[in-house]
Amino acid sequence: MASAHGEPRRALVTGGAGFVGSHLCERLLSEGYSVVCLDDLSTGSVSNVGPLLMEKGFELVQADVTSPLEVSGDMDEVYHLASPASPADFESRAIQILRAGSEGTRHALELARDTGARFLLASTSEVYGDPLVHPQHEEYLGNVDPVGIRGVYDEAKRYAEALTTAYSRRYGVHTRIARIFNTYGPLMRPDDGRMVPNFFGQVLAGEPLTVYGDGGQTRSIQYVDDLVEGLVRLMRSGEPRPVNLGNPEEHTVKEIAQMILDLCGGAGGLVYRPLPEGDPVRRCPDIGRARGSLGWAPRVPAREGLERTLLSLGQPGS
């Protein structure tokens with residue numbers, strides 16, 4: 001894909017060595033883009049982009065988005081994904097999360113403004129908090145506890161959305177906002193702390209799966225390839241409003257645990273622990289805007305995506 005000046009389109013992906021970012025870099029390279037992957041490697045890993053390092057047009061820059069971004073040359077698209085995003089990070093990296101959402105977003109927006117690039121913010125379903133509306137649509141203002149354990153991530157992303165919108169209104173930056181729901185797939189950190197990598201780590205170690213609460217709380221999980229397709233479509237669209245990207249098919253936590261046990265042939269069963277503070281009981285996206293504006297909907301069923309994830313771990317499915 002070529003830019004207006006005839007050269008390959010050039011994209012910056014902050015957090016590009018992370019779970020979602022590395023898949024996005026791979027997708028853009030496959031379409032002929034030149035890609036700058038910027039990451040401080042605090043939660044991302046060089047191994048995630050290892051196969052891309054020899055690709056023509058790929059550049060890995062180790063840098064922190066909370067400092068001004070020194071990336072030279074033209075830029076057509078800026079995808080701002082950089083932020084610790086795992087529940088395990090909410091206490092240990094609380095200040096880093098807040099700075100990535102505030103200073104990091106401003107620096108990425110300034111780069112987009114200086115180069116005339118389109119800008120996409122990777123926001124989150126966490127902006128809805130523990131929702132009182134179901135399913136969640138983009139006009140819902142949320143039920144967020146700003147001083148709870150999860151508040152640092154929720155409020156960092158809410159601020160980032162406000163700042164992104166301000167740059168659009170004040171400076172005319174072409175901005176897009178993706179509200180990402182629970183996503184899983186290859187290259188997730190084993191210590192991520194979220195449900196799917198936790199379950200796989202436990203079952204492959206021969207341990208019982210830890211279910212928090214009674215397991216009746218629901219999650220809507222989407223495979224990472226579906227998310228990347230949504231991000232690319234949103235960036236290229238004319239939709240300036242926030243857009244939910246997630247799978248509207250709900251499963252209980254117990255159902256997801258059982259799918260993983262079935263795929264792995266695990267016999268360890270389930271153990272139950274108290275529900276963590278602030279953990280939402282039910283979260284599910286209304287994707288009407290994504291369907292209408294982007295022609296997007298997830299395609300990979302939960303069981304198929306979980307099987308692909310298992311195979312990426314070097315374990316045969318049953």
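Helix H5, residues 195-204, packs against helix H7, residues 253-264, at an angle of about 40°, and the two axes lie 10 Å apart. That angle makes H5 oblique to H7. The model described here is a predicted one. The crossing of H5 and H7 is right-handed. On the H5 side, the contact is made by Met195, Val196, Phe199, Phe200, Val203 and Leu204; H7 contributes Val253, Ile256, Ala257, Ile260, Leu261 and Cys264. Sorted by class, this contact of H5 with H7 has twelve nonpolar residues, with no polar and no charged residues.

A second pair of helices brings in H3, which spans residues 94-115, and H4. H4 itself covers 151-171. H3 and H4 pack at an angle of about 15°, with their axes 9 Å apart. Angles under 35 degrees count as roughly parallel, and H3 and H4 are therefore roughly parallel to each other. H3 passes H4 in a right-handed crossing. From H3, the residues that make the contact are Ala94, Ile97, Leu98, Gly101, Ser102, Thr105, Arg106, Leu109, Glu110 and Arg113. Their partners on H4 are Val152, Tyr153, Ala156, Tyr159, Ala160, Leu163, Thr164, Tyr167 and Tyr171. The contact of H3 with H4 has twelve nonpolar, four polar and three charged residues.

H1 passes H6 in a right-handed crossing. The residues of the contact of H1 with H6 divide into nine nonpolar, one polar and four charged.

H4 also takes part in a pocket. The second largest pocket holds about 250 Å³ of space. Its lining consists of 15 residues, of which Thr165, Arg169, Ile177, Arg241 and Pro242 are the closest to the pocket centre. Helix H4 and strand E6, residues 175-180, each supply at least two residues of this lining. The largest share, six residues, comes from H4. By class, the lining of the second largest pocket divides into four nonpolar, three polar and eight charged residues.

Two details of the backbone remain. Most residues other than glycine have a negative phi, and most peptide bonds are trans. Against that background, the peptide bond from His134 to Pro135 is cis, with omega near -10°. Pro135 is placed in the loop between strand E5, residues 118-124, and H4. Leu41, for its part, has a phi near 65°, which is a positive value in a residue other than glycine. The place of Leu41 is in the loop between strand E2, residues 34-39, and strand E3, residues 58-62.

Note on methods: Residues numbered from 1 in each chain as written. Predicted model: local features only at pLDDT ≥ 70, side-chain atom pairs only at ≥ 80, totals over all residues. Heavy atoms only, no water. 1 Å grid on protein atoms, 1.4 Å probe; cavity = no way out; pocket = protein on both sides within 12 Å on 5 of 7 lines; lining within 4 Å. Points joined across faces, edges and corners; volume = space filled by probe spheres on them. Helix = DSSP H or I, 4+ residues; strand = E, 2+ residues; numbered from the N terminus. Nonpolar A, V, L, I, M, F, W, Y, C, P; charged D, E, K, R; others polar. Axes fitted to C-alpha atoms, helices over the stretch in contact; angles between N-to-C directions. Parallel < 35°, antiparallel > 145°, perpendicular 65-115°, else oblique. Left-handed = near helix turned anticlockwise from the far one by under 90°. Contact = heavy atoms within 4.5 Å.
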